[in-house]
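Take a look at the model below before reading on. Keep the chain letters in view as you go.

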Amino acid sequence: MSSFVQKMRSFQRNFSVSPFPLLPLQLPSPLETHVWFVMPDEFKSVSLLNQYMELLSPCEKENVLSMRGDQLQKRALLARTLVRTTIARYQINNHVVDPRSLKFKRNVHGKPQLEWESDDGQCPSPLHFNISHTSSLIACGVTVNSPIGIDVEEKQRKIKNDILAFARRYFSLHEVEHLSAISDSEVQRQEFVKLWTLKEAYVKALGRGFSAAPFKTFTIRIKNATERGFDCSDYLESGASEVVVESSDHPVSLTNNWKFGLFELASSHYAAICTEKEKTSDDGMSAPMRLTVWKTIPFVEDECISGTEAVVPIAGLIKQF
Amino acid sequence: MASVSATCLRFQPLCSQSNKTNQAAGLKLVSVGWGKSTGFPSLTASRFRVSCAAKPETVEKVINIVRKQLALTPETVLTNETEFVELGADSLDTVEIVMTLEEEFDINVEEENSQNVSTVQEVADMIEELVQKKAAGGS
């Protein structure tokens with residue numbers, strides 16, 4: 001048995017847990033995207049991790065314990081904790097729910113979703129979420145009334161295969177051309193990682209994932225503001241670019257529905273988010289992604305980091321709050 | 001990127017011994033992929049007609065490629081039954097592994113199959129089948 005589990009079991013015997021209350025959160029408005037993240041290295045207290053374990057369902061616990069090694073177990077535990085505590089705090093019907101009471105299901109492609117029983121038993125939950133993790137960061141994006149996909153990658157992530165060979169195998173023609181045109185191999189690697197996160201965020205927002213939305217079937221481009229001819233004065237920080245997705249497989253009416261935000265997170269990661277455009281927008285410019293980002297230690301503290309150097313927009317129309 | 005979720009059910013492969021070869025075509029490897037795969041695991045049962053279970057050398061090669069891709073420490077135990085998600089593989093890892101395997105074995109794995117395999121054994125079996133098909137003049 002891993003030492004992590006041993007430590008936790010011995011604490012369980014001596015420790016009567018009464019979780020600190022979770023502070024409530026205002027639901028995001030329909031135009032807002034909230035991102036909550038944890039950094040596993042910041043979690044060293046065994047008693048705190050023990051509290052988190054108590055929030056999980058029996059299946060989730062079993063899943064955590066099946067991970068090979070302390071670090072992976074901790075990561076799995078924190079991922080479920082982040083999801084449960086974050087969602088529980090959003091006041092639906094004006095109260096914080098017990099994170100243990102939340103139920104999850106998966107769509108036909110396996111995307112996790114909140115299972116929600118409204119009073120009339122009919123309406124699905126207004127809250128949408130999606131998570132992504134690396135070994136050093138786990139992020140959870142939350143929206144209301146819009147599907148969301150989020151992907152994070154370490155900026156330094158090394159690709160084991162040859163980048164262009166990989167791109168030719170999995171990416172679209174235009175994307176291969178874009179990457180091929182980059183002569184500096186480090187810049188090329190960075191652009192590859194950014195492109196990967198955007199493509200992942202898209203297929204996760206679609207709810208289909210990589211298997212059901214092969215990366216070759218769509219192209220993601222970053223268009224400069226000047227190409228679109230709109231006023232950039234509001235978006236000084238983002239360099240005013242728009243990220244668009246195009247697909248020969250899907251009609252324009254489908255791909256037009258999505259907006260993207262790509263930013264540097266905590267100086268260490270690229271984060272890409274994809275959400276649905278608001279229904280009122282026409283083919284012209286959509287409203288920017290209204291983004292708020294918090295770093296959290298569930299039950300202990302939240303730190304709002306949007307608008308600081310910990311969140312640096314790279315592409316897409318992002319407005320931080 | 002990997003989502004951690006509960007697996008409450010997992011059917012054991014009918015034949016997981018890598019040293020068995022030439023299984024009858026009637027054997028079905030039914031694996032319920034949900035909850036135990038990277039990215040979005042497919043909810044549909046992935047059925048592989050195991051016409052020939054993977055040779056030990058194939059399993060060995062897969063293990064080595066996975067070890068390298070995930071930079072596993074030597075202490076990390078990795079057997080043919082190990083699930084990739086238990087090793088912390090995310091979707092980029094999985095795709096990189098599949099690509100390396102394609103190059104190593106000179107085969108082509110369709111995207112819809114690349115996440116229907118969740119253990120080393122399943123990957124090895126899939127490879128063996130693709131290699132066989134290719135040798136027989138198939139796709």
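This is a predicted model: local features need pLDDT of at least 70, side-chain atom pairs count only at pLDDT 80 or more; totals for chains, interfaces and linings use all residues.

Residues are numbered from 1 along each chain as its sequence is written, chains are lettered from A and ligands numbered from 1 in the order in which they are written, and side-chain values use heavy atoms, with hydrogens and water left out.

Start with strand 10 of chain A, residues 269-276. Helices (H or I, at least four residues) and strands (E, at least two) are DSSP runs, numbered from the N terminus. Seven of the eight residues of strand 10 are buried, so the rest of the structure largely encloses it. Buried means under 20% relative accessible area, exposed over 50%, and partly exposed in between (1.4 Å probe, protein chains only). Strand 10 of chain A pairs with strand 9 (residues 258-265) of chain A through eight bridges, antiparallel. Two strands pair if DSSP finds at least two bridges between them. Lys259(A) has Thr275(A) as its bridge partner in strand 10. Three residues separate the two strands in their hairpin, where Ala266(A) takes a positive phi near 55 degrees. Strand 6 of chain A also pairs with strand 10 of chain A, antiparallel, over seven bridges. There, His269(A) is the bridge partner of Glu154(A).

Now another hairpin. Four residues link strand 4 of chain A to strand 5 of chain A. The two strands pair in the antiparallel sense over seven bridges. Strand 4 covers residues 127-133, and six of its seven residues are buried.

Turn to helix 7 of chain A. Its 22 residues, 185-206, should span 32 Å at 1.5 Å a residue, and the end C-alpha atoms are 31 Å apart, which agrees. The expected span is 1.5 Å times one less than the number of residues. The helix is mostly covered, with 17 of its 22 residues buried. After the helix comes Gly207(A), with a positive phi near 85 degrees.

Chain B has four helices and two strands. The order from the N terminus is β-β-α-α-α-α. Of its 139 residues, 58% are buried. Most residues other than glycine have a negative phi. Ala71(B) has a positive phi of about 50 degrees although it is not a glycine. Ala71(B) sits in the loop between helix 1 and helix 2 of chain B, and counts as exposed at 57% relative accessibility. Asp106(B), also not a glycine, has a positive phi of about 55 degrees. Asp106(B) lies in the loop between helix 2 and helix 3 of chain B and is exposed, at 52%.

Which residues lie nearest the centre of the largest pocket? Among its 29 lining residues, they are Arg75(A), Ser135(A), Leu70(B), Ala71(B) and Leu87(B). Two or more lining residues come from each of helix 4 and strand 6 of chain A, and helix 1 and helix 2 of chain B. Helix 4 of chain A gives the most, with four residues. A pocket is an open set of points on a 1 Å grid over the protein atoms alone, where a 1.4 Å probe fits, with protein on both sides within 12 Å along at least five of seven lines; lining residues have an atom within 4 Å of a point.
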